[in-house]
Amino acid sequence: MRLRELFVVLALVTWGLGWGAILDAQRVKDMTLGNGLHVIVLQEPQWGVVSVGLNVRCGSLHDPPDKAGLSHLLEHVLFESTDPTAPGLGLAVEEMGGYINAQTLRDFMSVEVLVASNELEAVLDLLAERLAKPAFDKEVIHQEKQVILREIADRSEQADEVAMTALWELAYPKHPYGWPVGGTKKSLSAIELGDVMAHHKKFYVPNNAALVVVGDVEAGRVFEAAKRAFGGWKAAEVGWQPPPPEPPLSEVRTKVVESQSAATVFAVGFPAPGIDHPEDVCAMDLIYTWFNEGEGSWLQRVLVNERKLALGAEAEFLTQRYPGLLILAVVCPREKELEARQAVLEAVEQLRSAPLGEGELARLKGLVYTQYAFTNETCMDKAGSIGFYEMITGYRFAFDYIDLVEKVTPEQLLDVARRYLNPDAYSVVVLRPRPEGGQEAWVPWL
Amino acid sequence: MALVALGVMLALVGEGQRPLVVMCPGAGEAAAVALVARTPEGELSAREAGATALLGELLTLRMSRALASEAALLARALPAQRGIEVGFEPDYLAVTVAVVRKALPEAVDFLRRWAVETPLDAADFDEARERVLKRRDTWAAGVVEHTAELMVQVLSGGRYGWPLYGTPESLRALGVERIAELWRKMLAAGNVCVSLEGAGETPDERLTEAMAALTGALPQGEQAEASPQLSRRPRGGAKVEDNPNVGRASLVVGFAVEPYGRRGYWAARVLREMLAGPSGALMRDRPLAAKLGLILPDRPTWRDWPLQVLGIEVSGHPYLAIHAVTDPAAVHVAAEGIVGHVRAVAEGKITGAELDRARRRAVNQWARETARVTDRAVLRGVAALLGEELPDPKQVATLLASLRKSELQAAAQDMLKAVAMGVQMPRD
């Protein structure tokens, strides 16, 4: 190692010491109400705001096989009002001047609200009323189906969305992770009022949910308010069995789709760890970071800037309850598709062939730390992180995450790259521009 | 009004003639430093419209390249996509670096080297101008933004009325030397504020040294003082443009608001909330909506309602503006209806329930606007240059609770002294 390199490495390693806690475990308190609702409070005595998140383990994972999109539709319906004289949940928060966001992922759904901290009780009452004891209406369900169908139609015109949907479907032909979270036109048409009500009754029970409050509030006040607002919510057995795991991939699985776009889009999905392998998850986050984060990321620096094989590229890795995907999505000129795909495999081989240097690993850890700091910038962000991990493993993971990342060694990272990034076992979806004159030049090895 | 924000220090750093520095301890590990520089009054002429946009683009190019080329520690302490932001208004330009807390000294150092000490590069100038021209096109294509700009041209005049991104002619006439001169004047001590968010209760030695170096690098001049609010006489009238690309008429009705920090400013924010939201006065005014010549949905929501209130900025020259989508023949009806709502407040037609609702909304709205450290860093700097502080939502709640109905009435009466309109009509 040359002297200059040694100096840089030492500087980077030294800089990594003494990181502050992004989520301060000393200030978190939790309790479980008599009905099983887990209430988690992180007191942030600053700025007079509070964020309230209600999370329910009811994601697309929980959809019945022929009714993909049911959980997502239910979330939409809960946002709306069945009473013409009263606003729905979304409008009720807007009426207060607050901010509300809801999302359904594969593993769970969440609703998050940001308001001034004196509104805590009002928000808890509102969430309890609209999410725990909603009224359902056929007309609202029909209306929300139309909204979702429009969303699906919009997404079908976006190449990256089409590629991602096709990739999950290709990688998970059996497991519900392969179903689109929003469903399809066919699956939505099969959903009726009774399905929505039954789904709510089954999953929206306090022992399957967590309330997360972050902000300028004391835990005692939150616990009291939560008991008052949610205490009457009846617990019930959820009675849901996890689906069998997707059989391991042992081949390169490929799907080619003709598209309207001028450039080729391809998305490569490698198997990635689920949260039951937390050390692997942290190592995979570092691999994701190596590919994607910052100006020095491989995708930007090498694929786009130096080798000029791609117009744009990004990676995606979302930690989930069950094994997921590390996705590398690339937009490239049609004539550079093969070269770009080869380059991606070469990058994978680079990660599999030798451990990263200490300096490079320290750089990646610094980036992960920074990203985590800014994805936990506001109270709402923090409530989101805590709720996220509570739904898939336990909220403590959100507090332990950076320490776990810090412990990853070059050898561990190499081991994870070798176990998950197999150049002979991955899925790839290619969206290729339609050939002019109708003559498609099929690539022989696809 | 001078609100004393808990834990906020108003401090001066360095030796000799120094700029204004504001610091907030912050919470969490996300931190930011913002260099907020005011455009000196009378510095620019109408022929130089877009100069601040051009300066912003030059700084963006310069700093992005510096970040990419430096193998410095800072490169991994910045969040992806939003580490460096350059924003501007007619009043000011703000360069913000968002970093993790412990890298604040490096961020301050980066600002010093790349925003202050290194001369603007003539080699970047053509690219910066091209970028501004593209932004100008995008901006002009935004119907609401462009109609609002027409309104501001009437209401405020001066540089506030010039196109934010200039014109092709004004941008062509500007050279790098002129932009560099403008930046030097903006950085002079009386015009600039360095705002640190997340500096901790007691800034450490590294941060203090970095701040001293930054403030020492700024052009020396008069001791910074809180600037008195600039006086301005708002003007009434209308500016109408034809736009074949819009399907309906777009109308923005604007009213001048007292400068940020004064009680009238906060009264205007409450008034705004009386109009806004799912059960605000504009949404309740179904008769007005019915006269706009539109086909309204069966179950309209606030989000798709044809009358929308725009935000009130933290500024020395803020305004309240309402946008309406309307049939071209009903533009005057829409304008009269909107003015009628402000007049109703001026005449004291306010119920206690309406006032309570509006106060509550205004506090929550403020909580939303100031939730992010980067936003707070800039807003605190802008406020400091106006001689004010940035209250937290609790303080805003206390302040708004003390606002009397008569103050709302007075604010509305002031607003009615000059009503400005911008209109885009859908014809060739």
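Predicted model: local features only at pLDDT ≥ 70, side-chain atom pairs only at ≥ 80, totals over all residues.
1. Helices (H or I, at least four residues) and strands (E, at least two) are DSSP runs, numbered from the N terminus; axes are lines fitted to C-alpha atoms, for helices over the stretch in contact, and angles run from 0 to 180 degrees between N-to-C directions.

2. Residues are numbered from 1 along each chain as its sequence is written, while chains are lettered from A and ligands numbered from 1 in the order in which they are written.

3. On confidence, pLDDT being the predictor's confidence in each residue, from 0 to 100, chain B has a mean of 86, and 89% of its residues reach 70 or more. Two stretches of chain B call for caution: over residues 1–18 pLDDT stays under 50, and the model has 42 contacts beyond four places in sequence for them, while over residues 223–230 pLDDT likewise stays under 50, with 17 such contacts. For the complex, the predictor gives an ipTM of 0.78 and a pTM of 0.86.

4. Elsewhere in chain A, strand β1 (residues 28–32) and strand β2 (residues 38–43) pair in the antiparallel sense over 5 bridges, with A:V39 in β2(A) as the bridge partner of A:M31. The two strands form a hairpin with 5 residues between them, and A:G36 in the turn has a positive phi of about 95°.

5. Chain A is assigned domain 1 (25–230) and domain 2 (252–435), the bounds coming from an automatic or database domain assignment, and the centres of these domains, taken over C-alpha atoms, are separated by 27 Å. Between them, 34 residues of domain 1 of chain A are in contact with 30 residues of domain 2 of chain A, two residues being in contact if their C-beta atoms, placed from the backbone, lie within 7 Å. On the domain 1 side of this contact, α6(A) gives the most, with 9 residues. By class, that side has 22 nonpolar, 6 polar and 6 charged residues; Ala, Val, Leu, Ile, Met, Phe, Trp, Tyr, Cys and Pro count as nonpolar, Asp, Glu, Lys and Arg as charged, and the others, Gly among them, as polar.

6. Chain B is divided into domain 1 (9–217) and domain 2 (237–425), whose C-alpha centres lie 28 Å apart. Here 37 residues of domain 1 of chain B are in contact with 33 residues of domain 2 of chain B. The largest share of the domain 1 side, 12 residues, comes from α4(B), and by class this side has 22 nonpolar, 9 polar and 6 charged residues.

7. Between the chains, 40 residues of chain A are in contact with 39 residues of chain B. The elements of chain A that give two or more residues to its side are α1 (3–16), α3 (89–96), β5 (109–116) and α13 (358–375), with the largest share, 8 residues, coming from α13(A). The chain A side divides into 18 nonpolar, 14 polar and 8 charged residues.

8. The helix α13(A) also has a partner within chain A: helix α10 (residues 278–292) packs with α13(A) at an angle of about 95°, their axes 9 Å apart. The two helices are therefore roughly perpendicular to each other, a term that covers angles of 65 to 115 degrees. In this contact A:D285, A:L286, A:T289 and A:W290 in α10(A) meet A:L364, A:K365, A:L367 and A:V368 in α13(A), and the residues divide into 5 nonpolar, 1 polar and 2 charged.

Definitions and conventions. Parallel < 35°, antiparallel > 145°, perpendicular 65-115°, else oblique. Pairing = 2+ DSSP bridges.
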